[in-house]
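My notes follow as numbered points, grouped by region.

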Amino acid sequence: MCVKVMSRLDTSALTEWIKELVLWSHSSHPNVLSFYGVFLESIGPSQRICLVSPFMKNGNLHDYVPRLPQKSRLPLIVDVINGLGYLHVYGIIHSDLKGQNVLISDEGRGLLTDFGASHIVTATAAPTTSTISKTFRFAAPELVEDGAQPSKESDVWAFGCLCYEALSRKSPYYQYTRDFQVVAALSRRELVKRPSPVEVNDEDENNWDLEVDDDWDPIDDQAWILITKCCAPEPGDRLKIPAIQELIADMKVWDDRPAMKAVPGADIFKLRFKPDINLDRVGEILDKLQAQVAPIESEDRSFVEFFNEL
């Protein structure tokens with residue numbers, strides 16, 4: 001098992017842990033990391049939250065895919081979009097989708113994790129800007145603007161960037177070394193650059209000491225179309241998840257991974273395969289903690305609105 005321990009005991013850190021606990025404990029999907037439980041660890045007069053999940057010895061997607069041939073990375077991309085689609089169906093925006101937040105099971109399956117930056121979206125409530133991912137290389141252009149709000153469309157952009165990194169073994173906007181350069185590129189609505197061989201100019205062609213970066217893989221046309229349609233500059237132009245799944249299916253993904261096995265003990269904690277997220281019940285659970293985190297000023301506000309302001 002793996003125990004995720006809160007290292008900071010301040011209120012701002014506690015809010016992210018509560019959000020992760022609430023969303024993670026109500027999620028159940030083959031491509032979402034299983035949640036085992038929570039306990040409080042006493043540290044002197046204080047307590048800190050500990051979240052328990054299965055231990056994934058294969059690590060995360062970012063570190064795992066370079067070991068695989070490119071065709072074996074595509075099934076992992078399928079896992080990610082299936083897990084993300086599940087979250088979106090239940091109105092959950094991940095808000096921090098990247099390779100480091102996808103763990104790899106013993107059978108080589110991708111499992112979404114880290115819901116601390118997530119938001120809930122319903123027909124009557126939109127996410128707020130209290131927590132926005134600062135992983136700029138995976139952030140949609142609209143998220144670097146004033147009044148930015150995470151959305152399903154910004155998750156789709158991040159998915160496109162994840163595909164880019166997984167298939168090419170290069171970070172999005174690899175040509176820029178500093179965050180402010182990436183932010184400037186996003187402000188210009190600049191698309192990620194398709195990896196290509198380094199062009200050597202006339203002045204360098206006789207320089208035998210020139211270092212050529214060949215630590216990357218080319219992205220074929222089908223995959224590049226997928227990435228560009230996910231990373232369309234305007235949110236409304238980006239593909240919806242069912243369309244992404246159809247496009248990936250047309251790529252004839254070859255999957256030779258072993259069949260998935262049930263995680264030992266998971267049936268104790270997951271009695272239903274696709275449980276609905278009962279926000280009212282979640283609100284009742286959170287009531288016991290909200291006085292310590294962010295007291296509600298108005299009784300007319302819904303739990304969804306309060307949750308998104310944590």
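1. Gly91 comes after helix H3 and has a positive phi, near 75°. Helices here are DSSP runs of H or I with at least four residues, strands are runs of E with at least two, and both are numbered from the N terminus. H3 itself is mostly covered, with 13 of its 16 residues buried; buried means under 20% relative accessible area, exposed over 50%, and partly exposed in between, using a 1.4 Å probe and protein chains only. The length of H3 also checks out: 16 residues at 1.5 Å a residue should span 22 Å, and the end C-alpha atoms are 23 Å apart, which agrees. The expected span is 1.5 Å times one less than the number of residues.

2. A word on the basis of these notes: this is a predicted model, in which local features need pLDDT of at least 70 and side-chain atom pairs count only at pLDDT 80 or more, while totals for chains, interfaces and linings use all residues. Residues are numbered from 1 along each chain as its sequence is written, and side-chain values use heavy atoms, with hydrogens and water left out.

3. For the overall picture, the protein chain has ten helices and seven strands. Of its 310 residues, 49% are buried. Taking contacts (heavy atoms within 4.5 Å) between residues at least 6 apart in sequence, 69% join residues at least 24 apart. The accessible surface comes to about 16,100 Å², and 51% of that belongs to carbon and sulfur atoms. Those areas come from the Shrake-Rupley method with a 1.4 Å probe, and for residues only the protein chains shown count as cover.

4. Which residues of helix H7 are buried? In H7, residues 241–249, they are Ile241, Ile244 and Ile248. These residues lie on the same side of H7, because they cover an arc of only 55° around the axis; the arc is that of the directions from the helix axis to the C-beta atoms. Pro242 and Glu246 are exposed, on the face of H7 turned away from its buried side. The buried residues of H7 pack against helix H3 (74–89), helix H4 (152–168) and helix H6 (221–230).

5. A pair of aromatic rings is described by the distance of the centres and the angle of the planes. For Tyr164 and Trp224 these are 6.3 Å centre to centre and 55° between the planes, a tilted arrangement. The rule takes rings of Phe, Tyr and Trp (its six-membered ring) with centres within 6.5 Å, calling planes under 30 degrees apart stacked, over 60 edge-to-face and the rest tilted. By this rule the count is one aromatic pair. Both Tyr164 and Trp224 are buried.

6. How many disulfides are there? The count is zero, where a disulfide is a pair of cysteine sulfur atoms within 2.5 Å. Cys231 is in no disulfide, and the nearest cysteine sulfur, that of Cys161, is 4.2 Å away. The sulfur of Cys163 has its closest cysteine sulfur in Cys230, at 6.1 Å, so the two are too far apart for a bond. Cys163 is buried, with a relative accessible area of 1%, and Cys231 is buried with a value of 1%.

7. Two backbone angles deserve a look, since most residues other than glycine have a negative phi. Tyr173, in the loop between H4 and helix H5 (179–187), has a positive phi near 60°. Tyr173 is buried, with a relative accessible area of 0%. Arg189 lies in the loop between H5 and H6, and its phi is positive, near 60°. Arg189 is partly exposed, at 24% relative accessible area.

8. Finally, two loop residues. Thr113 is placed between strand E6 (110–112) and strand E7 (119–120) and is buried, with a relative accessible area of 11%. Leaving aside neighbours within four places in sequence, Thr113 contacts Leu33, His94, Asn101 and Leu103. Phe136 lies in the loop between E7 and H4 and is partly exposed at 22% relative accessibility. Not counting residues up to four places away in sequence, Phe136 touches residues including Val144, Asp179 and Leu186.
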